[in-house]
Amino acid sequence: MSSYLKRWSLYLVQSAPPIPVPRWARGRGRSRRVRSFAVLAVGFLWASTGVVQADAQLTPSPSLHDAYFAWDEGRYPESMEAYLEVLRGPGGEELVGEIARLTGEVHPVRAVDDDGQGVSVSPDGTQLLWSRELNGGWVTRVEPISGGARVELMGAPGVFAGPGTVAYLDPQAGSLRIRDLTGGGDRAVPLPVILPIALASAADASDLFLTAAKEGAGDRLHIVHVPGSLVDEDGTPGEVRVLELGAGHAADPMPVAGGRFLVFSRPTSSPVDVPSGAEPTETPDPGLGILDLETGEVIHMDGSSPSVSADGSFLAFIRSSDDDPMDRVMGVPLTAEALSAPGGPAFRVLLESEASPADPAVSPSGDRVALELRPHRSREIFMVPADGSQELRQVSREVQHDRFPQWISDDLLLAMKGEFRHRRAYVYDLVSGENYRLSHNNTLRTIAPEYEWVAHPQAEGVAVVAERDGDTIDPRRALWWVDLTRTVTREDVEARLEANLEREQELLNRGRESFAPIAEEAAEVAAQVSVPRIYNYAAALYSFGSKFFTEPGNQEAIQYLAETLESWGYDVELQWWEPRGVATANVVATLPGTVDPDLVYVISSHFDSVLRSPGADDNSSGTTALLEAARVLKDHPREATIQFAFLSAEEAGLLGAREFVRRAQEDAVHISGVLNNDMIGWTRSHRLDNTIRYSNPGIMEIQHAAAHFFSDLITYDALYYRGTDAAVFYDAYGDVVGGIGSYPVLGNPNYHQPTDELETINQRLVAEVSRTTVASIMLLADSPARLVGLQEVEAEGSATAVQWEPAPESGVTGYRVQGRSAPQEEWRELGVASESMFRLPETEDLSEIRVRAVRENGTEGWDWAYLSLP
């Protein structure tokens, strides 16, 4: 950094606006984010998460307009000041709920467990039950919803079986066990089956039903009935019996409130292995069934996706046929009269539609049915009356999928927004018409995918299984309780905003310091990224149709990419190989390093698509951003080498990345870091936002800073790389991976569909990702990588020291060492080592050390090496 810029930075810290803006930060009038680098020390940006702001399509109160639209336009300091001013001023208490909705959660949330699935709430609404893996086995846990003493049962899955009673499967004994939560008794119920699979119970009864296989019956699935008298030991013990429900499989028992009827499915296949020499069980007339437990009468019917009202009065299901484009939502009252009516059960058509109706959910009182339809590219939530009038009412309106409706009460509906890797639950008030996000982690940037939702029977709360920390790699998914009986307070919201502002402040301060040595050049190069050029690349790739590796479009794309890169002066390597007997190639262009050419940074995107899609977003968007990055960086080589890797056959199992890595390892290529971009061009609104998907937090922070200072991109983050080419690099080279992916970890309703077309792509968004990628790789390739081999050793005189492997980069002048005594403490400077060893001060009681290299070009390591001390 020049002496002028040093003086300027100091001036910013000590002065208020107006301020002089250095030449490199003016951005040639094109980008307020480049300019924001200059004003960072005066006002700190608080970035909206697409998870809050972009999902919450709200019209705020007039007094919040300034704050709301400042936030929406990216004027974050102004927005924060306005929100806090309103919150702390007269009438602020009345606007707490609205500000809470715009910035995070509305209701208080309690952490229940760090892992959980198969969640249920007791019929009386006092207990919460879930299952989890623990020490290599499964356990079922039960806890009061308000918190308190927890009961742990060694088995799973578990269900409530009447008041104060839990039933669960013992996987060791293959038996059913009953636990009295009040008295603590635990007993086994012998079962006439060899492989119990799943349990079910009615909300108002203690009878149990389970899906199981019988000895000597091959893979056939049966339903077993365990009478309530065996569960609660009250009255004459009943008999555990296998229900006779017709030939073929019977599974998925759904006990109906009232105790008379049982709804079940008749699947075509079984999860049970077929015995050697036997034939798989065939189910004649697969579909659904209804059993009258009083008379034993069984009704078989064509259908799927059954839903029963909480009061047991009504059943809805989907009926479809390969011979008819029209699907039907069917319904029938669950009464003896309706099911035994002359001429057959009194089924009624609730809706006829060619828009793929799915996942019906009957309201608690049985008078309405919520369901999904796909009237356009994305799925929406609708409602129809249960009387057969077919009066359709639309509930959700969003370009992302809205799916899996379930009822909280007759007036509150819960539905899930987004694609399966990042769903979020929204509450729809059917009286007022308002909706809001149910659960959030209250952070600015880290996304929080959700996976399971269970509502309280009296609408007092919802259990949510979610990765609120954004960690999608850890197999654990935490369980949370959202308390619908209370809302957050003004103090809660104020503390939320202040905490996030402080974290954002620290993040951007670190980014400003990291980029300072190359800021002027990074701004200049990033500004050269061209939207028209990106569109031109995209149109060419789109014209090739599907680029699946077996299709002609794949070969056309290889030729186009190679010729385009060669036209800019690159030497291009085509990595030909034959997956599954079909020739395809990765296209690799190399920008040699000026100082350390043997150290390599890779930017990659796959250019193939799935078989039935042109892949405009997945992944021509990543490909075009990479092309443009290669173009603008051609005359700006970095100190380390940069490879631009256009990978084939990702959609066939990450095959291109595997071939690239195989060759790199065979040639002993030293890969120091990787950026992988995949699906970056779709956005649901005018906002330019995307998600950093990373394994390395240092790279993640650099990408946040690059987006903020050198582009108009708003970035979120998630610890996420599974199922992508990034996973191949992670497996080969460890924790050195970053990159950008679809908002925010997949929201595009055209994902893997024929509708993934050129017209759905926001090329400006692609350009902003390209700018972010350019600035990120410029800093990474000029900076020392994370050190390896950090360990504690003995020094002379029995003193304690730490040492590490010397940094491989040229021009390293020293190593910065920091330490702290406890995780909650701030890091403090311990000194700078000139060699790869540092003697720890004897007066310091340290629990953790971190070290990174410092280079003569002014850069420091893009991530710290950490060591916990005993």
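**Close-up views of a helix pair and a sheet**

**View 1. Helices α5 and α9 in the predicted model.** Helix α5 (residues 76–88) and helix α9 (residues 490–515) have axes that come within 11 Å and cross at roughly 160°, where axes are lines fitted to C-alpha atoms over the stretch in contact and angles between N-to-C directions run from 0 to 180 degrees. The angle therefore makes α5 roughly antiparallel to α9, a term for angles over 145 degrees. Helices here are DSSP runs of H or I with at least four residues, and strands are runs of E with at least two, numbered from the N terminus.

This is a predicted model, in which local features need pLDDT of at least 70 and side-chain atom pairs count only at pLDDT 80 or more, whereas totals for chains, interfaces and linings use all residues. Residues are numbered from 1 along each chain as its sequence is written, and side-chain values use heavy atoms, with hydrogens and water left out.

**View 2. The residues between α5 and α9.** Met80, Leu84, Leu87 and Arg88 in α5 meet Arg490, Val493, Glu494, Leu497 and Glu498 in α9, contact being heavy atoms within 4.5 Å.

**View 3. An open sheet of 3 strands.** The strands follow the order β42-β43-β46 with antiparallel pairing, and two strands pair if DSSP finds at least two bridges between them. Because β42 (791–794) and β46 (837–839) stand at the edges with a single partner strand each, one side of each is left without a neighbour in the sheet.

**View 4. Strand β43 beside β46.** Strand β43 (residues 800–803) is joined to β46 by 3 bridges, and the two run antiparallel. Gln803 stands opposite Met837 in β46.

Terms used: Angles under 35 degrees count as roughly parallel, over 145 as roughly antiparallel, 65 to 115 as roughly perpendicular and the rest as oblique.
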